[in-house]
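Keep the sequence and the 3D view open as you read.

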Amino acid sequence: MRPDPEGPGPAPGPSAGPGRVLVTVVRAEDAPGPTLVVRLDHLPVGALALGAELARLRQTLAGTAYTDLHKIALYGPGTASRPGRDLDYRFVQALPGDAFDFRAGCGHSLLACVVADARPGPVTVRAVTTGDTVLCEREPYGDAYTLSFLKAPTAPGTLPTGRPVDVLLGVPVSLVRYGNPYVFVDARRLPGSEDEAALQRRLLALRAEAARILGHPPHSALPKIAAFTAGPEGLSVRALTVGGWHPRLALTGAAALAAAGALDGTVVPAPAGPVRTPGGTVTVSIAPDRVRVHHKRATVLGRLELPWRIHATA
């Protein structure tokens, strides 16, 4: 394994040696960790990006600065059958024990693909695993992006049970599928929520019950869950991610929160101003045909050439 001596720059061409692949490590601000970005058309011939292959790829990172990297983004040019789409993107969440979840989405990793590819101008990305189409646009000043989820909050399926409120373990919650499936709960409905450990246990129990209802396996990363409080200064949110508390709020979580707030009858009030999180504020806006998440940034940390062991299926 060797870092690219030129450091961050345009996406690398398919110039790695046989059985090797050039990857980019990108850190999106507010994400719990960096993303390993892999361009699919740069993979060795015969590679399928199966779980066994990705497990071996992660194992090659042992002893490096990226040993605990848990997010993998696989992307490539959009298919010709869907004009107007620049990139297709597939997210893979690494779980404990070299397991992977191929069903989740990650907005920060989606942005990581756009930054790794270094495309000028607006970029439209289709998230293959979730079916979302996201427009990434550079903001007028600085290096920040606005990501627009191009789906109406009122679109069919945003409420996966068809109800704005469900009662799980005696607690009213709203189940929302927008970017990712999410469970939102008012922290005031959880006695003792000022104790972080107690709050985490309650949220994990609610998440497990929601997973059962939505048909996700118990070990899945889905659904996500977040607790909020509403007050004179607006909404405050605490969210869980794989392995513990999210340092701020997932990008898909911000989009789902805004979508929930736009729907009548959910437990989530419409965000009025920036949403407060432990790591700072997150800014969202809502239109009839989309939800926007503003001021998102990502930085290329480095480029690596890694061995890729193809998993034989015969």
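**Charged pairs and nonpolar cores**

The side chains of E233 and R276 come together in a salt bridge, with N and O 3.0 Å apart; a salt bridge here is a side-chain nitrogen of Lys or Arg within 4 Å of a carboxyl oxygen of Asp or Glu. E233 sits in the loop between β13 (224-231) and β14 (234-241) and R276 in strand β16 (residues 275-277), so this pair ties together parts 43 residues apart in sequence. Helices (H or I, at least four residues) and strands (E, at least two) are DSSP runs, numbered from the N terminus.

This is a predicted model, where local features need pLDDT of at least 70 and side-chain atom pairs count only at pLDDT 80 or more, while totals for chains, interfaces and linings use all residues. Residues are numbered from 1 along each chain as its sequence is written, and side-chain values use heavy atoms, leaving out hydrogens and water.

**Salt bridges**

- Side chains of opposite charge can pair when their charged atoms come close.
- The structure holds 14 salt bridges.
- Buried means under 20% relative accessible area, exposed over 50%, and partly exposed in between (1.4 Å probe, protein chains only).
- D98 forms a salt bridge with R58, and their closest N and O atoms are 3.8 Å apart. This pair links distant parts of the chain, 40 residues apart: D98 is in the loop between β5 (87-95) and β6 (99-101), and R58 is in helix α1 (residues 51-59).
- D98 is partly exposed at 39% relative accessibility, whereas R58 is buried at 12%.
- D289 pairs with R290, with 3.3 Å between the closest N and O atoms; D289 is partly exposed, with a relative accessible area of 40%.

**Nonpolar cores**

- In soluble globular proteins, nonpolar side chains tend to be buried together.
- Which residues touch the most other members of the largest nonpolar core? They are Y89 and F184, in a core of 56 residues. A nonpolar core is a set of buried Ala, Val, Leu, Ile, Met, Phe, Trp, Tyr and Cys residues joined through side-chain atoms within 4.5 Å.
- Helix α4 (residues 251-261) gives this core its largest share, 8 residues.
- Another core lies apart from it, with 22 residues, among them V25, L54, L74 and F100.
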